[in-house]
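Please look over the sequence and the model first.

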Amino acid sequence: MIFLRLFLEFVKVGLFTFGGAYGSIPIIRETVLSNAWMSDDLFTYILGVSESTPGPIMVNTATYVGNTVGMQATGTVWGGFFGSVCATLGVVTPSFIIILLIAALLRRFMEKKPVRAVLDGVKPCIVGIILITAIHLFAACLFPGLANSFRLSGLDTRALIMILLIGAGRSGWKMWKKRAASPILTILAAAVLGVAVYGV
Amino acid sequence: MKKFPLLDLLVTFMKIGAFTFGGGYAMLALIENECVAKKGWLTHDEFMDITVIAESTPGPVAINTATFVGYKKKGPLGSFFATFGVVLPSFVIIYLISLFLKDFLEITWVASAFKGIRVAVAYLIIAAGLKMWKKLKKTPLNIAVFIAAALAMIAVDFFALRFSTVYMILIAALVALSAYGVGEIRRKEARK
């Protein structure tokens, strides 16, 4: 049953995401790819949309993936809507229950030393996962064949130009404004550059 | 609004959900403005406590904070209304976008724009990762876990293995717990 699966997969995402939105991206990506729900390209597009619309990135991505999968499985708009609801409910449920328990019963739970040890201990693991995921995304932009074969051939020069332009833009902005460019500004600028580099 | 606290929670958190871009951390500033400064639902210290808990428990920070504030104000039902409110705007917006994006992508210039956005997303993820790396305490154990996780990710990528990151996180948790246990035993022995 696709809807139960959507719900459960996103419960897993909600339960194993530490360190905010960016910690969730590798897990959602892995879930989406291993279930063959959508291509890696479409998934990164969705991330772009999720980051430039209001609301938590995790919830946005869940809603989007749910609609796509539900619509594919049932072929109806209502299937898509129900898929969105299941995935969004799934990603929210673990936090809701955990926080309710902490708020109601376990106010001191977070201060317990073993709990802190575990919460701090998973951080380096998550940083490693996030950084390698980012590097993989760069590589996938540069070598479009990477997803199918593991040969680093067929360098996409336009992607290289994009990477250099955005990198230069972001560091220039940082030097000028003394703070990093916001996600939404980066995405909007990249969209305009994308049209310029890849053509109309 | 004062007469209907649940409705007040719902509307306040809908506002927060609708006007924050850039994920949970941007949302915290707005939550503080609404719930501490304007409504006086929480003191500043309570808000700081909630933030720490929301950041260290799994799941979206915004959801965690909404659930907590809702509970403080009106119990489990308050949690439900606050969480529902914070999710609703993004749900509606993204749902509508998801109906049309695929057709939009057929248009050449939209596809070009999204190819550009793909590069931006990679930059944003690497920037977030580097920021977390800077904040990380560089103990030998942390660095070892970091390297192990990175190598495992590369291996999974290269050999197209099916090894979920969930397992990596669980293993890291187990390693941290054992390290803590060993540390405690040593400390007890040192005291003897």
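Over the ring of which residue does the charged end of A:K177 sit? The ring is that of A:W176, and the charged end of A:K177 is 4.5 Å from its centre. This is a predicted model, in which local features need pLDDT of at least 70, side-chain atom pairs count only at pLDDT 80 or more, and totals for chains, interfaces and linings use all residues. Residues are numbered from 1 along each chain as its sequence is written, chains are lettered from A and ligands numbered from 1 in the order in which they are written, and side-chain values use heavy atoms, without hydrogens and water.

**Charges over rings**
- A charge sits over a ring if NZ of Lys or CZ of Arg is within 6 Å of the ring centre and within 35 degrees of the ring normal.
- In chain B, the charged end of B:K138 sits over the ring of B:W133, 4.8 Å from its centre.

**Aromatic pairs**
- Over all chains there are 12 aromatic pairs (rings of Phe, Tyr and Trp, the last by its six-membered ring, with centres within 6.5 Å; planes under 30 degrees apart are stacked, over 60 edge-to-face, the rest tilted).
- The planes of A:F81 and B:Y95 stand at 85 degrees with ring centres 5.2 Å apart, so this pair is edge-to-face.
- B:F91 and B:Y95 are stacked, with 6.2 Å between centres and 5 degrees between planes.
- A:W78, A:F81, B:F91 and B:Y95 make up one aromatic cluster.

**Accessibility**
- A:F81 is partly exposed at 29% relative accessibility, whereas B:Y95 is buried at 10% (buried is under 20% relative accessible area, exposed over 50%, partly exposed in between, with a 1.4 Å probe and protein chains only).
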